Amino acid sequence: MKYSFALFKKDVKFFLINMRYWRKYRFVRAKNRNALYFVFRPEQPHAGIADRLKAVIALYNHAKANGYGFKFYFETPFVLTDFLRPNTDWPLKLEELEYSVFDTKIINETNWHKLPKLIPNKQYHCYNYTGNEIPWQFEDTGYCWSHLFQELFAPSDILREAIESCHMEPHDYISVQLRFVNALERFENTFFDNYLETQEERDKLIRKCKKGIMEIVEEHKGIPVYVFSDSKIFLESLSDMPVKVLNTESIGHTNEQGKTDAYLKSFLDLFVMSKSKDIYRILSPELYQWSCYALLAARIGDIPFHDK
């Protein structure tokens, strides 16, 4: 990636955030070393679940490659362990963070700077991330993204029960995902204001997206097609099409404070998609084309992903 003034400003922002922790440093040795700790700072607004999990796996890959232990703190705007059960001892308590002049080093997770080699016998902290990397396999280690995810996570009891209640056979259906954000309704308080002002524009977008879905249905005749979206309006418009949708009552977004049902719905959609035969992401200029939610599901399930 070519370095730019915009990236320089992000580096400055991250540097200033990291400076806040310098005053905590003391002339003592850290008790826990060879450890990389990742903190989703409670006071900071965060991106969606896809970006956060991408950053988690990227740092876990780096910690593992350097022979380091890995833990992270994720309790805002919801507690991650409510939906993803730890397969390792990754839940981090803020009291575990040590600030040693001799041993503590702070790094950032970005896609314009390569993560530094971890010096043995140190404690590394990460407070800033971009979560842009989601390769099928990491070039530097050869680790498969899906395998790293499975090493860290399994569905919690509440998520597992929700998945089982759908009664869907793995790899027996196609998933199609669309990310409207505010195109059809003022749904999210977000930086991406793509609301279409006239009903004519909104109807035109719905017709265009339905046409794309029908092309996928025709391509996979005889296989059930499930459609996933953040727009209840769009999902309800599919009643005249030979496709299926899950319950739409609790649609929400995981970067905002909300109800547990909305968070559970996001994880349910994610894991149901991950068990598909194939996943398609519908793209259009009116939609949020940078969403990696469907790609995240494909990586979790290690299944084919297509843009439409």
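Leu 16 has 46% relative accessibility and so counts as partly exposed (buried is under 20% relative accessible area, exposed over 50%, partly exposed in between, with a 1.4 Å probe and protein chains only). Leu 16 belongs to helix α1, residues 5-19 (helices are DSSP runs of H or I with at least four residues, strands runs of E with at least two, numbered from the N terminus).

This is a predicted model, where local features need pLDDT of at least 70 and side-chain atom pairs count only at pLDDT 80 or more, while totals for chains, interfaces and linings use all residues. Residues are numbered from 1 along each chain as its sequence is written, and side-chain values use heavy atoms, leaving out hydrogens and water.

Now to the rings. Rings of Phe, Tyr and Trp (its six-membered ring) pair if their centres lie within 6.5 Å; planes under 30 degrees apart are stacked, over 60 edge-to-face and the rest tilted. The count comes to 28 aromatic pairs. Here are two of them:

| Pair | Centre to centre | Angle between planes | Type |
|---|---|---|---|
| Phe 38 and Tyr 129 | 5.8 Å | 75° | edge-to-face |
| Phe 74 and Phe 78 | 5.2 Å | 45° | tilted |

Phe 38 in strand β1 (residues 35-39) and Tyr 129 in strand β5 (residues 123-129) are 91 residues apart, so their pair links distant parts of the chain. Phe 38 is buried at 0% relative accessible area, and Tyr 129 is buried at 10%. Phe 74 and Phe 78 are both buried too. One aromatic cluster includes Phe 38, Phe 74, Phe 78 and Tyr 129.
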